[in-house]
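Here's a quick briefing to read alongside the sequence and the model. Have both open as you go through the points.

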Amino acid sequence: MAVRTRLSICLKKTRYASEAGALEVAAKADFPLRPYRCDRCWQFHLTGRTKGKRIPRVLRNHDVEPLA
Ligand SMILES: [Zn+2]
């Protein structure tokens, strides 16, 4: 289950001492960010990757009005 973080990524990213602190910053961002614990520095970083966030296909099939 452990998320492996590359050291180069760890060094580039901002570190947050606590998840709460990371969440606070994430809340202010214009795009979705989520904190995760880094296994290199054991602090928190934010990631903008929203893996697992699926766009429901239902929206495509419904509510589509033909332009013609
Ligand atoms: Zn790190």
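Residues 24 or more positions apart account for 44% of the protein chain's contacts that have a separation of 6 or more. Two residues count as in contact if their C-beta atoms, placed from the backbone, lie within 7 Å. Keep in mind that this is a predicted model: local features need pLDDT of at least 70, side-chain atom pairs count only at pLDDT 80 or more, and totals for chains, interfaces and linings use all residues. Numbering starts from 1 along each chain, as its sequence is written.

**Overall layout**

- You'll find three helices and two strands in the protein chain; helices (H or I, at least four residues) and strands (E, at least two) are DSSP runs, numbered from the N terminus.
- Going along the sequence, the pattern reads α-α-β-β-α.
- Of the 68 residues in the protein chain, 9% are buried. A residue is buried if 20 or more other C-beta atoms lie within 10 Å of its own, exposed if 12 or fewer, and partly exposed in between, with C-beta atoms placed from the backbone.

**Confidence**

- The average pLDDT of the protein chain is 81, and 66% of the residues score at least 70; pLDDT is the predictor's confidence in each residue, from 0 to 100.
- Among the chain's elements, α2 has the highest mean pLDDT (96), while helix α3 (residues 58-61) has the lowest (50).

**The hairpin**

- Strand β1 (residues 34-37) and strand β2 (residues 44-47) run antiparallel and are joined by four bridges; two strands pair if DSSP finds at least two bridges between them.
- Across from R34 you'll see T47 in β2.
- Six residues sit between the strands of this hairpin.
- What is the phi of W42, in the loop between β1 and β2? Phi there is near 60 degrees, a positive value in a residue other than glycine.
- W42 counts as exposed because it has 9 other C-beta atoms within 10 Å.

**Residues in and around the helices**

- I9 belongs to helix α1. I9 is partly exposed, because 13 other C-beta atoms lie within 10 Å.
- K13 is in the loop between α1 (7-12) and α2 (19-28). Is K13 buried or partly exposed? K13 is partly exposed, because 17 other C-beta atoms lie within 10 Å.
- K13 and H45 are 32 residues apart along the chain, yet their C-alpha atoms are separated by 6.5 Å.
- A20 sits in helix α2. With 10 other C-beta atoms within 10 Å, A20 is therefore exposed.
- A20 and P35 are 15 residues apart in sequence, and their C-alpha atoms are 8.9 Å apart in space.
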